[in-house]
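Hello,

Here is the structure for your set-up work. My notes follow below it.

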Amino acid sequence: MTPTLEKYKSLLSLDGIERLDSLGEGNTPLINSNNVGEKGHLLLKMEQLNPTGSFKDRFAAVETALMERSGIKTFIATSSGNTGSALAAYSARHRIRCLLFVNEITPNGKLEQMLAYGAEIFRVKDFGVTNDLSAPIFDRLQRLAKENGNPLVISAFRYSPGGMCGVKTIAYEIVEQLQGAAPSQIFVPVGGGGLLSGIWRGFLDLKELKLIDKLPRINAVQPELNDTLVTALTENSRVAREVHTTTTISGLAVQVDIDATLALNSVRDSGGSGYLVSDDDVRDAKEKLGLYEGVYVEPAGAASVAGYLKAVSLGQITENEKVVCIMTGHGLKDVAAKGSSSGNKIKDITLKDISPSMIQFD
């Protein structure tokens with residue numbers, strides 16, 4: 001199977017790069033939802049099955065290839081988790097030194113993954129809480145990068161537009177997997193906004209090339225406690241807001257406008273909507289995906305399904321529509337729960353406890 005980025009190379013910013021040193025990113029499955037979808041035809045785009053467990057591999061593969069082309073030997077990056085893991089892996093493959101500055105709620109599973117790839121990690125107090133607290137940290141990092149002649153890499157079109165072109169390939173794959181058609185609607189979790197913006201740009205590319213007749217409506221899903229985009233959208237603003245984030249959904253806790261304004265206008269241009277969901281709604285969707293679909297994603301990845309379920313409850317989806325939810329990251333990246341509300345818990349036993357009475361047959 002041809003690696004995704006090689007297949008779509010002509011649509012990416014990869015002039016002068018003969019071959020991408022792929023880890024196998026892309027070509028992720030698009031599967032039917034058997035039980036969670038209450039209306040219509042729900043499909044799950046399984047981005048958690050990328051090599052490091054998230055869609056960020058599409059970004060990191062392109063970004064590190066561009067760095068290697070430019071002769072860069074060291075870079076600084078900020079991350080709430082998945083970006084760091086992806087950049088650490090691909091920089092290891094390209095033998096580029098990776099310095100990661102992360103926030104205090106980055107899950108241990110993601111930190112362990114970054115360390116496994118040899119990244120140097122700095123966990124910064126108060127980073128990513130409010131703009132007042134984060135801005136001085138970010139400014140310091142920008143100065144540090146500039147003074148040393150190294151790039152500051154952030155998975156956003158505002159800062160790393162070349163690498164972010166890799167995200168467009170999600171749209172290309174979805175259309176290919178649907179035999180040349182775009183879905184009616186797509187639900188995308190929004191933290192910084194780059195994922196949604198990249199997917200929308202991918203569909204615009206295909207429309208311009210006359211490879212699809214109709215564009216999908218693209219919907220943004222955010223935690224209520226990190227509402228940079230959705231309220232601004234409903235108030236008909238063209239600019240996203242800065243907020244004090246208190247969400248516990250790692251990966252969606254981005255309190256400033258990185259690509260949020262870009263995402264906001266992408267949603268509006270597509271005719272889509274914004275959906276606010278509670279942190280509990282997200283965790284409930286994560287549990288449903290595991291119990292009823294056999295799909296294990298981190299909470300941020302389940303946010304798209306939480307938004308989809310809210311749209312269903314509001315009558316925003318018709319029975320004929322083909323709908324795609326983007327699963328962003330693997331559940332092993334953010335392991336917090338020991339069991340589930342279904343009543344299933346881990347039971348610690350010894351040999352003498354094993355007996356026929358443990359098993360109840362229907």
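**Notes on the model**

Thr78 is buried, at a relative accessible area of 12% (buried means under 20% relative accessible area, exposed over 50%, partly exposed in between; 1.4 Å probe, protein chains only). Thr78 belongs to strand 3, residues 74-79 (helices, H or I with at least four residues, and strands, E with at least two, are DSSP runs numbered from the N terminus). Leaving out residues up to four places away in sequence, Thr78 touches Thr83, Phe101, Phe127, Leu141, Leu152, Val153 and Ile154 (contact: heavy atoms within 4.5 Å).

On provenance: this is a predicted model, where local features need pLDDT of at least 70, side-chain atom pairs count only at pLDDT 80 or more, and totals for chains, interfaces and linings use all residues. Residues are numbered from 1 along each chain as its sequence is written, and side-chain values use heavy atoms, with hydrogens and water left out.

**Cores**

The largest nonpolar core holds 63 residues (a core is a set of buried Ala, Val, Leu, Ile, Met, Phe, Trp, Tyr and Cys residues joined through side-chain atoms within 4.5 Å). Ile186, Ile199 and Ile326 have the most contacts inside it. Helix 2, residues 56-70, gives the most to this core: seven residues. Another core lies apart from it, with 28 residues, including Leu42 and Met327.

Beyond its neighbours within four places in sequence, Ile186 has contacts that include Ile199, Phe203, Pro216 and Ile326.

**Aromatics**

The count is five aromatic pairs (rings of Phe, Tyr and Trp, the last by its six-membered ring, pair if their centres lie within 6.5 Å; planes under 30 degrees apart are stacked, over 60 edge-to-face, the rest tilted). Phe187 and Tyr275 make a tilted pair, 5.7 Å centre to centre with 40 degrees between the planes. Phe187 is in strand 7 (residues 185-189) and Tyr275 in strand 9 (residues 274-277), 88 residues apart. Phe187 is buried at 0% relative accessible area; Tyr275 is buried at 5%.

Phe187 also pairs edge-to-face with Tyr308, at 6.0 Å and 90 degrees. That pair joins strand 7 to helix 12 across 121 residues. Tyr308 is buried too, at 0%. Phe187, Tyr275 and Tyr308 form one aromatic cluster.

**Helix 12**

Helix 12 covers residues 299-313. Of its 15 residues, 13 are buried. Just after helix 12, Gly315 takes a positive phi of about 75 degrees.

Best wishes

Conventions: Expected span 1.5 Å × (residues − 1).
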